[in-house]
Amino acid sequence: TMPESNEKVLPGLMMIGAIINTYESHGVPADHLHLVAVFHGPTIVAVTDDATYKARTGVEHNPNVDLLNQLRKAGLKTVVCGQSTMAQHYDFKSIQYAQINLSATVTFINLETRGYIKINQ
């Protein structure tokens with residue numbers, strides 16, 4: 001889900017941060033969590049460099065970067081749908097904060113067969 005303004009952080013990233021904080025506050029270390037954020041559709045812009053973010057949204061700085069870096073440092077894996085990336089004409093080099101996978105659907109299938117639970121946000 002996109003935020004109400006391009007100057008705000010994606011709600012899904014905030015939710016992931018809250019999940020990590022909840023587990024950590026109950027003594028579960030970050031390295032025991034296995035979290036993957038999959039970006040597809042309009043959310044791809046959240047993992048782009050500042051120049052691309054500005055070109056797509058008009059906002060000078062990608063507001064997701066600081067939180068993305070914190071979450072990734074805490075162990076969050078970030079992937080982006082390659083099909084959506086191509087369909088929306090992104091330059092692959094502009095995807096700075098996620099690994100480009102074949103497709104979100106294939107990623108979801110692979111993760112779910114490995115026991116991951118999909119939380120839509």
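Tutor: The side chains of E60 and K54 meet in a salt bridge, 3.1 Å from N to O, where a salt bridge is a side-chain nitrogen of Lys or Arg within 4 Å of a carboxyl oxygen of Asp or Glu. This is a predicted model, in which local features need pLDDT of at least 70, side-chain atom pairs count only at pLDDT 80 or more, and totals for chains, interfaces and linings use all residues. Residues are numbered from 1 along each chain as its sequence is written, and side-chain values use heavy atoms, with hydrogens and water left out.

Student: How many salt bridges does that rule give?

Tutor: The count comes to two; in the other pair, E4 forms a salt bridge with K8, with the closest N and O atoms 3.9 Å apart.

Student: And is E60 buried or exposed?

Tutor: E60 counts as exposed at 56% relative accessibility, whereas K54 is partly exposed at 38% (buried means under 20% relative accessible area, exposed over 50%, partly exposed in between, with a 1.4 Å probe and protein chains only).

Student: Switching topic, which residues of α2 are buried?

Tutor: The buried residues of α2 are T52, Y53 and T57; seen down the helix axis, they fall within an arc of 105°, so they line one face of α2, the arc being that of the directions from the axis to the C-beta atoms. On the other side of α2, A51 and A55 are exposed.

Student: What follows α2?

Tutor: G58 comes after α2, and its phi is positive, near 85°.

Technical notes:
Helix = DSSP H or I, 4+ residues; strand = E, 2+ residues; numbered from the N terminus.
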